[in-house]
Amino acid sequence: VAADQAWREEVLRLAAEQDAVVLAHNYQLPEIQDVAHHTGDSLALSRIAAESTAATIIFCGVHFMAETAKILSPEKRVLIPDARAGCSLADSITAEQLREWKAEHPGAVVVSYVNTTAAVKAETDICCTSSNAVDVVRSIPADREVLFLPDQFLGAHVQRETGRKNLHIWAGECHVHAGINGAELAERAAAAPEAELFIHPECGCATSALYLAGEGAVPAEKVRILSTGGMLDAARATSAASVLVATEVGMLHQLRQAAPDVDFRAVNDRASCRYMKMITPAALLRCLREGLDEVHVDPDTASQARSAVRRMIEIGR
Ligand code: 13P
Ligand code: SF4
């Protein structure tokens, strides 16, 4: 405990000395979430990064999140404690593949999830996150074709919510969320009939949950499809005694702090993102001491990507 306290104090001292703000995604290790100046979902953290007056942003999350902060604030120094923290979803489409897809649908509006590389964002009209994807697609005139990428499950959620027929969805997925399957969810829900279900739209089981609700196997009002930030708002407001959570397990830490009286359980307790967990306490300290790893985005790519990212942080405010 004394060592933890010394680590915390050192992190905060070095951050203050360098005029650095430490941001942590909701999937980070508990000690990283607790030391950060701000914790949140990818949309909230992008907004904080854009508005911050700090000289340095230390992004405890995955690489595309730090890149997004750099695109929004090219004049700031942006650091990530381990540049190898990638994302299987962001890797599921390249800029070249997107250019080919656009050529097949001339005139379509390209909506990319924030979980994409800067090069893909540079080919994008509007970025979105899981908390505003539906609003972003609704903002596009109904007669325009939409290319939605890269997550097929988030795409299916947007299609259900908007009822849009001219939405084409890329077949990418996040290995962590896709692995939380419908059979597992059905089993957990049957064993805990009183529990509410909080389900991230990237989950393969989101469709199954709605199917179960349609079949009457779980009450429809208990099924909530939510971004990680949306889960926290729902946790503070819930009257349920227990909640089954279908997302990356790091989320449980924030949920338990937000609503200590509620029993939060993971639908799949192996749903841990190895990239998010690369940001260790030792890596954060090294980052602050050595200024590593610095995130660079090619200035031309950043300027082509900037308007799509700016539209993302404006929509759904
Ligand atoms: P949100 O924080 O936007 O819900 O994102 C989830 C995610 O998988 C980020 O990698
Ligand atoms: Fe990417 Fe999935 Fe990890 Fe989120 S949980 S960072 S989408 S691999």
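Student: How many bridges join strand 9 to strand 10, and do these strands run parallel or antiparallel?

Tutor: There are 3 bridges between strand 9, which covers residues 196–199, and strand 10, and the two run parallel. (Strands are DSSP runs of E with at least two residues, numbered from the N terminus; two of them pair if DSSP finds at least two bridges between them.) Before going on: this is a predicted model, where local features need pLDDT of at least 70 and side-chain atom pairs count only at pLDDT 80 or more, while totals for chains, interfaces and linings use all residues. Residues are numbered from 1 along each chain as its sequence is written, and chains are lettered from A and ligands numbered from 1 in the order in which they are written.

Back to our pair: look at Leu197, whose bridge partner in strand 10 is Val223. Now zoom out to the open sheet, where 4 strands line up as 10-9-11-12 with parallel pairing. Strand 10 (223–225) and strand 12 (263–266) sit at the edges with a single partner strand each, so one side of each has no neighbour in the sheet. On average, neighbouring strands here are turned by 25 degrees against each other, direction ignored (axes are lines fitted to C-alpha atoms, and angles run from 0 to 180 degrees between N-to-C directions).

Then there's helix 13, residues 251–258, which packs on this sheet and touches strand 11 (242–246) and strand 12. (Contact has C-beta atoms, placed from the backbone, within 7 Å; helices are H or I runs of at least four residues.) The direction of helix 13 makes about 170 degrees with that of strand 12.

Methods
Two residues are in contact if their C-beta atoms, placed from the backbone, lie within 7 Å.
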